[in-house]
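Please examine the sequence and the model together.

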Amino acid sequence: MEERTRYEIRDVVEADLPAVVAMNELAVPHVNSLDHRQIKRLLDQAAYFRAIVRGEGTGEEVCAFLVGLGPEASYESPNFLWFCKKFNRFAYIDRIVVALTARRNGLASVLYEDFERVFRHKVPILACEVNIRPPNPASMKFHRGRGFRQFGSQRIDNGDKEVAMLVKKLDR
């Protein structure tokens, strides 16, 4: 009988960063490319930076991660800054990445549920963006299914990219 894979959700630690950087690069263009220094800066200022891992001790493997920021963060992302101009209080999902080998196991849903639980009584909305150009229909479907609605859009990267700006109002 095959043993079920056991996953654990926990805060990302500095030792996880090489795996996080590698996973992030495999997810481009759905997320922007970040090097180790940039990911470390996110770790230092994120309101939420958690991973789902499998295995134990030195055999742990990062299978998914989610980075979330509050409006007080010093982050130059044009998408984050767009939300800062529109809202005083929100929790921003900067990125979520699930390893290719761990997809279709509900890990993104687990991270989103955890993120929402953490911020439910702290902020009135969750915010994120999804690519319209190049399109990311799977992500758009996922977010709509979780209650996110488009609040606007913006062109970035010298007009080469367009993103839908999504928000989810939290019941408080």
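In which strand is Val67 found? In this predicted model, Val67 belongs to strand 3. Val67 counts as buried because its relative accessibility is 0%, and buried means under 20%. Not counting residues up to four places away in sequence, Val67 touches Leu42, Ala46, Tyr48, Phe49, Tyr92, Ile93, Asp94 and Arg95. Gly55 lies 12 residues from Val67 along the chain, and their C-alpha atoms are separated by 22 Å.

The discussion now turns to the core. The largest nonpolar core has 59 residues, and those touching the most other members are Phe49, Phe65, Leu69, Phe83, Phe90, Tyr92 and Phe115. Strand 3, residues 61–69, supplies the largest share of this core, with 7 residues. Beyond residues up to four places away in sequence, the contacts of Leu69 include Leu42, Ala46, Phe90 and Tyr92.

Charged residues form a further topic. Side chains of opposite charge can pair when their charged atoms come close. The whole structure contains 13 salt bridges. One of them joins the side chains of Arg95 and Asp94 at 2.7 Å, N to O, and both of these residues are buried.

Another salt bridge, at 2.7 Å from N to O, joins Lys168 and Glu116. This pair links distant parts of the chain, since Lys168 is in strand 7 and Glu116 is in helix 4, 52 residues apart. Lys168 counts as buried because its relative accessibility is 13%, and Glu116 is likewise buried, with a relative accessible area of 11%. Finally, Asp11, Arg50, Asp114 and Arg117 are linked in a network of salt bridges.

Key. Residues numbered from 1 in each chain as written. Predicted model: local features only at pLDDT ≥ 70, side-chain atom pairs only at ≥ 80, totals over all residues. Heavy atoms only, no water. Core = buried A, V, L, I, M, F, W, Y, C linked by side-chain atoms within 4.5 Å. Buried < 20%, exposed > 50% of the residue type's maximum accessible area, 1.4 Å probe, protein only. Helix = DSSP H or I, 4+ residues; strand = E, 2+ residues; numbered from the N terminus. Contact = heavy atoms within 4.5 Å. Salt bridge = Lys/Arg side-chain N within 4 Å of Asp/Glu carboxyl O.
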